[in-house]
Amino acid sequence: MFAKHTARFATLAAAALLAACQPDAQSQQNAASDTHHAATVYNVGMNANFAPFEFTDSAGNVHGFDVDLMNAIAKAGDLNIRYKNQPWDGLFASLKSKDNDILISGITITDERRQTMAFSRPYFEVKQVVLVSDGQNIQSVNDLTKLDKIAVSTGTTGDYAAQKLFGATSPKVARFENLPLTIKALETGGAQAMISDSAVVGNYVKNNSKQNFTVIDVPDFPVEEYGIALRPEDTELLAKIDDALQKVRDSGEYEAISKKYFAH
């Protein structure tokens with residue numbers, strides 16, 4: 001009799017232990033939800049040396065038009081994101097390596113870039129302009145050929161514009177790693193002009209009124225459009241971003257963000 005009770009107790013204890021080791025349906029659902037939640041955190045890459053689109057504060061936090069817009073898109077599209085600030089020259093490769101899932105960094109949509117990246121619908125229009133030191137008379141791209149040095153940021157559409165004018169290896173073109181270094185070359189006299197995006201140049205001039213620089217709107221340069229870049233195969237994510245971008249526009253939030261950074 002004692003043996004029977006002992007066996008029964010052991011069986012019940014084993015069953016209780018097994019039940020304790022197996023999560024209930026709600027626990028399994030929560031665990032699956034947590035795994036899914038972790039899987040949907042997207043790395044957003046940018047080079048935060050391109051004010052007012054992206055820049056850093058003294059603590060290294062990223063700010064700017066692109067940051068505010070991407071935050072609004074993430075909220076409207078129910079996307080979890082985190083930002084990664086890195087050098088421009090490795091930004092596009094970070095998509096292929098999957099270090100980043102999304103890029104938003106004042107990236108102009110071009111046919112060449114479309115060969116390796118997918119782009120969202122355009123979210124901003126700019127064109128290349130020329131910022132010149134005092135006394136330089138630049139009315140067309142031909143006038144640029146008279147200057148000794150034209151500064152550009154490496155790998156940007158300003159760089160591409162200079163290459164079309166002078167050739168990829170021309171000594172007239174001085175290339176720099178980022179926008180602040182490019183502007184510094186103009187400030188110190190290392191170059192007589194620089195080519196960059198109109199909104200960025202306009203922001204610099206607005207905040208540096210003591211500098212004797214002039215912005216030249218050259219008719220030869222076409223209008224460009226910025227887009228959010230992703231891997232070509234991430235079609236579902238691209239559709240979510242496009243849909244969320246439209247919601248941000250329709251709600252009036254896009255206009256509010258734009259007014260925060262640009263004069264209208």
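How do the residues of the lining of the largest pocket divide into nonpolar, polar and charged?

## Basis

This is a predicted model, in which local features need pLDDT of at least 70 and side-chain atom pairs count only at pLDDT 80 or more, while totals for chains, interfaces and linings use all residues. Residues are numbered from 1 along each chain as its sequence is written, and side-chain values use heavy atoms, with hydrogens and water left out.

## Largest pocket

The lining has 8 nonpolar, 4 polar and 4 charged residues (nonpolar: Ala, Val, Leu, Ile, Met, Phe, Trp, Tyr, Cys and Pro; charged: Asp, Glu, Lys and Arg; polar: the others, Gly among them). The largest pocket holds about 310 Å³ of space. Of its 16 lining residues, Thr-157, Ala-161, Lys-164, Pro-222 and Glu-224 are the closest to the centre.

A pocket here is an open set of points on a 1 Å grid over the protein atoms alone, where a 1.4 Å probe fits, with protein on both sides within 12 Å along at least five of seven lines; lining residues have an atom within 4 Å of a point. Helix α7 (157-166) and strand β12 (223-226) each supply at least two lining residues, and α7 gives the largest share, 5 residues. Helices (H or I, at least four residues) and strands (E, at least two) are DSSP runs, numbered from the N terminus.

## Helices α3 and α11

The axes of α3 (residues 65-77) and α11 (residues 253-261) come within 10 Å and cross at roughly 165°. The two helices are therefore roughly antiparallel to each other (angles over 145 degrees, taken from 0 to 180 degrees between N-to-C directions of lines fitted to C-alpha atoms over the stretch in contact).

The contact (heavy atoms within 4.5 Å) is made by Phe-65, Asp-68, Leu-69 and Ala-72 of α3 and Glu-253, Tyr-254, Ile-257, Ser-258, Lys-260 and Tyr-261 of α11. By class, this contact has 6 nonpolar, 1 polar and 3 charged residues.

Terms used
Points joined across faces, edges and corners; volume = space filled by probe spheres on them. Parallel < 35°, antiparallel > 145°, perpendicular 65-115°, else oblique.
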